[in-house]
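Thanks for coming. I have one structure to go through today, so please look at the sequence and the model as I put them up.

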Amino acid sequence: MELGRVEGAVVSTAKVEQLKGQKLLLVNLLGPDASPTKNFLVAVDTVGSGRGEVVIIVRGSSARQTKSLQSVPTDASIIAIVDSIELQGKIVFDKSKEK
């Protein structure tokens, strides 16, 4: 699992049948301290996340383990929206304190 921040959406009118109706989001991967890495990926959203939210992403075969994506050809899926991150006893991200 990896952390990321949703930076935007990807729109594609031509895609395989299994991806129709799936929301594709552009995610900036984060370090453990919630700092951006400038490494981006496109992930299928399975939890209704939106721009600016910190999310958990899975890749590879794990990305197809959710019930809604079992037959979808994807390598990255958003499986959770993060509420807070604690690193070495210190809160480095708290969703309730975000603007």
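Let me begin with strand E2, residues 24-30, in what is a predicted model. This strand is mostly covered, with six of its seven residues buried. By buried I mean under 20% relative accessible area.

What does E2 pair with? One partner is strand E1, residues 2-10, joined to E2 by six bridges. E1 and E2 run antiparallel. If you want a pair to find on the screen, take valine 10, whose bridge partner in E2 is leucine 24.

E2 also pairs with strand E3, residues 36-45. Here too the sense is antiparallel, and the pairing extends over six bridges. A pair to look for is asparagine 28, which stands opposite phenylalanine 40 in E3.

On burial, the chain has 99 residues, and 36% of them are buried. Its accessible surface comes to about 6100 Å², with 50% of that belonging to carbon and sulfur atoms.

Last, contacts. Taking those with a separation of 6 or more, 52% are between residues 24 or more positions apart.

That is what I have for today.

Terms used:
Residues numbered from 1 in each chain as written. Predicted model: local features only at pLDDT ≥ 70, side-chain atom pairs only at ≥ 80, totals over all residues. Heavy atoms only, no water. Buried < 20%, exposed > 50% of the residue type's maximum accessible area, 1.4 Å probe, protein only. Contact = heavy atoms within 4.5 Å. Areas by Shrake-Rupley, 256 points an atom, 1.4 Å probe, with all protein chains shown as cover. Helix = DSSP H or I, 4+ residues; strand = E, 2+ residues; numbered from the N terminus. Pairing = 2+ DSSP bridges.
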